[in-house]
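Welcome! Please take a moment to look over the sequence and the 3D view before reading on.

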Amino acid sequence: MPSSEAYDIFQDSKNRLWICTDNGVSLLDGENFENFGIRDGLPSNTIFSSFENKKDRIVWFITYGYGICYYDEESGKFKEPPFNHSLIKIFNKKFINSCKFDTLGNLWIAYDYHHYLMVRPNGKIEMFPSQEIAETGGCEILSINGIQLIRNLKGPVAGSVKKYFASKNGPNVLIKGSLTSNYTASDFVKNERGITVIANSKDLIILDKDLNSSLINLESDILALCIDLNNKLWIGTVKDGIYTLDLNKPGDTPENLEQFRSLSVSSIIQDKNHKIWFTTLNYGLYCMPNTGIRNFFPNQKIPLIYKDLNQISIVSQSDGIYTSDFNMKSFSKKIGKDEIKQIRKGPDQKLYFCKALYNSVIPENIDRNNISASSVEFMKSYFFVGGKTFLLKYDYKGRLKETHPVPSPIIKILRLNDQNILLACLNGLYIYNDPDKFIPVSTPEWIARTRINEIKIANDRIFVLTDGKGMLIYDNYHLDEFKHFTIENTSSTNCIHLSSDNILWLGTNEGLYRFKLHKKELVLECHYSISDGLPSNEINDISFVNKQLLVATNKGLSVFSSELDPNYNAYPLFLKYVTGNFLDTLFRGYSSNLNLKIPSDYRNLSFKFSSLGIRPNQQLVSLNYKLFYNGGTKFDWSSFQDRNVQFTNLQPGRYTLLIEHDNPLRKSKFISRINFEIEPKFHERVWVKILFWGIILSVTILLVRFLWLRKLSANEFRKRMALAEINSLRNQMNPHFIFNALNGIQNFIFENDQEKASRYLNKFSKLIRQSLEFSKLNFINIRQELEFINEYLKIEKMRFPEKFEFEIKVGPEIDMERSFIPPLLMQPLIENSIKHGFRELENSGRIDIELKLLDPNTLQYSIIDNGCGLNKLEKENPGYKTSLSLNILRERFELLKSQFKNNKLLGMEIKNRYYDQKYGTCIVLKLPLIYD
């Protein structure tokens with residue numbers, strides 16, 4: 001804090017604490033103080049008080065001599081409202097008593113002794129005298145059954161209390177009871193039960209709901225009042241520190257808290273975690289973690305609490321035994337200084353004290369300096385006393401009956417039954433079986449090497465507390481069946497108390513734990529420590545008196561009230577600031593739900609959170625986060641510490657960060673949502689990516705189209721060239737066919753057979769016309785091709801009527817009308833059979849023409865003759881060369897193959913064939929077949 005002179009403390013709606021001092025403002029966010037001064041925009045360093053506009057949650061501050069200002073969350077600076085200069089002129093260095101916003105957004109300001117003014121939302125200022133403002137129901141007016149009370153008027157006012165109390169229907173309404181004419185209200189508070197408390201100098205006026213008053217006088221002037229949730233009144237004074245008064249008990253007197261007696265208390269509040277905070281004019285800020293704890297015997301080690309039928313005995317290690325009744329208003333000293341380990345009442349109704357055995361006898365032959373009586377246990381007719389080296393057995397007349405050396409120093413003795421006792425020792429756990437046997441407990445095996453701090457029997461269970469190994473629970477006295485419980489960060493379990501409702505209280509070296517014993521399981525419910533008001537975390541003993549929990553610690557005795565609730569609520573976390581690249585501040589302010597725009601240069605982000613509901617090293621409260629990216633989960637729930645969450649290498653896009661603040665014991669959970677979007681760099685923007693890839697795609701499409709068109713054009717060119725070559729070859733065959741036909745006509749003329757010559761000429765002319773028509777086409781159907789062949793064979797029969805016969809066979813699967821093949825391929829081959837194959841035959845020649853399908857796209861065309869065959873023709877004519885027509889056909893087939901690349905069957909095959917006991921020739925054409 002910037003100063004130890006503090007005037008006011010205020011908790012805003014975001015759970016932050018603002019402390020006003022003579023040297024600026026201090027902000028406590030639950031972890032750190034952040035101090036502000038003139039450099040941060042404050043018009044003055046002297047700040048008297050703060051308040052909040054509930055509508056927009058802006059926190060305002062009252063300065064000394066410089067009007068008012070407010071805190072701007074976004075900039076982290078203080079700013080003055082536009083009307084502040086007008087206020088400064090009106091006040092003219094006068095003291096502002098109080099300010100408050102009403103539900104309409106009007107700001108009411110009380111100043112001087114008699115005046116109020118109102119600032120409308122548009123900045124217009126209106127002034128009122130005090131009584132007039134009382135009738136309007138203004139900002140600093142508290143309603144008491146229709147009575148209006150004006151707050152914070154300094155100094156005496158003529159006219160008695162009517163200046164402070166006025167009815168809505170008219171002035172001059174007096175409160176029942178006697179009040180002095182010079183009464184001034186320095187502070188007042190009101191609780192939910194209708195009780196109003198008014199401070200007037202050293203007087204405390206308490207009004208019930210019927211306006212009946214009672215007056216309490218204190219020794220010091222009253223500066224501050226606060227009523228907590230337990231209906232306890234806290235009174236801050238100028239010289240005597242703090243007083244408390246239980247408003248649940250009419251007629252009770254204020255109790256001065258000794259530890260704060262020298263303080264000058266200027267303001268008191270109870271925060272939403274039930275802690276009491278107060279500011280002082282000489283020693284800064286104080287916090288009382290839990291108002292339900294009363295502490296006695298400060299800085300004294302209290303090892304033991306003993307409860308009798310009508311009193312409580314408290315053992316102080318340095319100061320002896322103190323006793324009190326069950327109200328525990330005060331303690332009286334009973335026995336002087338001594339070191340006492342245990343107090344027990346025996347069956348003879350006498351008290352037995354260990355170490356000094358009161359009403360017991362130590363044998364004369366044993367050195368008293370070696371006796372350390374740590375525990376006593378009673379049987380039916382005798383009792384046992386345990387020490388460092390012996391177990392002593394006495395009768396109830398104090399006579400020593402037996403002495404037994406022990407295997408380990410005894411810490412505690414516990415009766416199991418009439419014959420057996422259980423010994424908690426420095427090294428392990430033993431059963432003593434009367435008369436003479438020490439049997440070590442060996443389950444678990446490590447217990448033989450472990451110090452036992454405490455043993456207790458409750459609800460048919462044996463509870464064994466160890467030093468460093470947690471707690472063992474044995475069921476039904478069976479020492480071989482156990483449950484082992486440990487507590488994180490706790491090395492020693494010291495004492496235990498089990499209530500009738502199965503609530504188990506466990507004292508450790510790290511504070512007090514409360515468990516619910518459910519069947520064989522322990523469920524942790526609460527944890528109490530120094531942070532909750534205990535004077536020490538070292539717990540030595542526990543006891544219950546009149547529903548109050550008594551806890552003996554190393555630094556005093558604590559008494560817990562029945563309303564005690566030490567567990568903090570799970571407050572929502574507020575985003576304090578966001579840094580980019582762990583250096584530059586991108587956002588500053590306090591918010592639990594917001595949307596942030598992050599510049600594109602920041603991919604490493606750190607989120608710092610704040611919550612007044614989290615204390616340092618707090619147990620039982622978990623902080624978890626979960627991150628979503630563009631609607632999908634990027635991280636599962638993960639825990640974090642130090643209220644700081646960091647992310648690295650984040651990609652541009654929309655994110656949602658969920659922060660879970662969970663207190664499982666209170667079953668309270670808050671989830672804060674932070675939406676943020678990392679803007680993409682120029683080249684990462686969606687439209688830039690779309691444009692870039694659109695250009696790439698367009699260029700690719702144009703390039704592919706260009707190459708495809710180029711290839712298509714090349715294929716079309718090659719196809720045209722192939723067709724041109726085919727037509728050229730086919731046209732080369734036509735003169736050859738015509739020449740042969742004219743030779744036939746010439747023969748008829750020479751033979752003077754005019755009739756045959758005329759018929760031959762008619763058929764020939766018809767065949768020529770068909771040949772010319774077919775030469776224009778790339779494909780003709782099979783029927784046209786066979787009709788042409790048939791006509792040609794008839795012409796050849798006219799020339800050689802006895803020389804050959806022919807037959808044409810067509811497979812039934814062939815559709816001759818819709819199936820198309822290249823034209824004029826067969827005629828040259830048939831001509832070769834007639835001209836060359838039958839050259840030596842006068843008659844009996846034969847030509848078979850067969851057509852069948854090899855597959856839907858391939859036609860097999862076979863021409864078979866019974867001529868001389870190729871072998872004989874080549875042997876008898878060494879100079880024989882393949883006819884021109886065959887060479888042209890082979891070239892045409894090569895061009896067809898290039899045109900129909902997918903058809904691997906295309907081709908022409910000429911071979912000898914043994915036919916009807918003679919050699920002949922077989923020509924097989926495999927032609928491409930297309931359909932209309």
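## About the model

This is a predicted model, in which local features need pLDDT of at least 70, side-chain atom pairs count only at pLDDT 80 or more, and totals for chains, interfaces and linings use all residues. Residues are numbered from 1 along each chain as its sequence is written, and side-chain values use heavy atoms, leaving out hydrogens and water.

## Salt bridges overall

Searching the whole structure turns up 22 salt bridges (a side-chain nitrogen of Lys or Arg within 4 Å of a carboxyl oxygen of Asp or Glu). Some of these join into a network: Asp12, Lys14, Arg16 and Glu73 are linked in this way.

## Asp308 and Lys345

Asp308 and Lys345 meet through their side chains in a salt bridge, 3.2 Å from N to O. The pair links distant parts of the chain, 37 residues apart: Asp308 sits in the loop between strand 28 (304–307) and strand 29 (312–316), and Lys345 in strand 32 (residues 342–345). Strands here are DSSP runs of E, at least two residues, numbered from the N terminus.

Asp308 is buried, at 18% relative accessible area, while Lys345 is partly exposed, at 29%. Buried means under 20% relative accessible area, exposed over 50%, and partly exposed in between (1.4 Å probe, protein chains only).

## Lys412 and Glu454

In the salt bridge between Lys412 and Glu454, the closest N and O atoms are 2.7 Å apart. Lys412 belongs to strand 38 (residues 410–415) and Glu454 to strand 42 (residues 452–458), so this pair ties together parts 42 residues apart in sequence. Both Lys412 and Glu454 are buried.

Technical notes: Helices (H or I, at least four residues) and strands (E, at least two) are DSSP runs, numbered from the N terminus.
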